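Student: I would like to go through the labels used for this protein and check each one against its definition.
Tutor: Then look at the model before asking.

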Amino acid sequence: MSIQFSKLSKHFDRKSFDCGIDDLTQYIRRFARQNQTEDYSQCYILHKKEETEIIGYYTLTSSKITYKELPDEISKNIPKYGVGAVLIRSE
């Protein structure tokens with residue numbers, strides 16, 4: 001079995017996906033494409049090559065870490081306006 005990650009698109013079968021965690025299942029079914037279209041996030045689908053069934057997914061969302069959120073030993077080395085980050089959510 002050859003599997004790969006691909007950017008979420010219309011042809012993937014989101015309706016039949018169920019990972020057993022309702023919030024994550026509902027996200028891919030209802031919100032992932034809309035968020036991607038609006039450039040809030042980018043979603044990548046794990047699937048068997050040449051198939052539309054979703055095995056899993058991950059979503060990248062741009063974020064920012066403010067200067068005040070960091071411990072002193074780290075904040076002394078970054079700009080006062082904060083730094084860009086990628087938010088990774090795990091359940």
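**Labels and their cut-offs**

Student: Why is Glu 50 called exposed?
Tutor: The relative accessible area of Glu 50 is 74%. Exposed means over 50%, buried means under 20%, and partly exposed is in between, with a 1.4 Å probe and protein chains only. Glu 50 is therefore exposed.

Student: What should I know about the model itself?
Tutor: It is a predicted model, in which local features need pLDDT of at least 70 and side-chain atom pairs count only at pLDDT 80 or more, while totals for chains, interfaces and linings use all residues. Residues are numbered from 1 along each chain as its sequence is written, and side-chain values use heavy atoms, leaving out hydrogens and water.

Student: Where is Glu 50, and what is its phi?
Tutor: Glu 50 sits in the loop between β2 and β3 (54-65). Its phi is positive, about 70°, although Glu 50 is not a glycine.

Student: Which other residue has a positive phi although it is not a glycine?
Tutor: Asp 39, at about 65°. Asp 39 is in the loop between α1 and β2, and its relative accessibility is 63%, so it counts as exposed.

Student: What makes Asp 13, Glu 50, Glu 51 and Glu 53 a negative surface patch?
Tutor: A patch takes residues with over 30% relative accessible area and no salt bridge, joining like charges within 9 Å and nonpolar side chains (Val, Leu, Ile, Met, Phe, Trp, Tyr) within 5 Å. A salt bridge would be a side-chain nitrogen of Lys or Arg within 4 Å of a carboxyl oxygen of Asp or Glu. Asp and Glu count as negative, Lys and Arg as positive, and His and the chain ends are not counted. The charge is placed at CG of Asp, CD of Glu, NZ of Lys or CZ of Arg. Asp 13, Glu 50, Glu 51 and Glu 53 form such a patch.

Student: Is Asp 13 called buried, partly exposed or exposed, and why?
Tutor: Its relative accessibility is 32%, so Asp 13 counts as partly exposed. Asp 13 lies in the loop between β1 (3-7) and α1 (22-37).

Student: Which residues form the nonpolar patch on the surface?
Tutor: Phe 5, Tyr 58, Leu 60 and Val 86, with about 370 Å² of accessible area together. Such areas come from the Shrake-Rupley method with a 1.4 Å probe; for residues, only the protein chains shown count as cover. Val 86, in strand β4 (residues 83-87), has a relative accessibility of 53% and so counts as exposed.

Student: Why is Thr 59 called buried?
Tutor: Its relative accessible area is 17%, so Thr 59 is buried. Thr 59 belongs to strand β3.

Student: What makes up the largest nonpolar core?
Tutor: Nine residues: Leu 8, Phe 12, Phe 17, Tyr 27, Ile 28, Ala 32, Cys 43, Ile 45 and Ile 54. Three of these come from α1, the largest share. A nonpolar core is a set of buried Ala, Val, Leu, Ile, Met, Phe, Trp, Tyr and Cys residues joined through side-chain atoms within 4.5 Å.

Terms used
Helix = DSSP H or I, 4+ residues; strand = E, 2+ residues; numbered from the N terminus.
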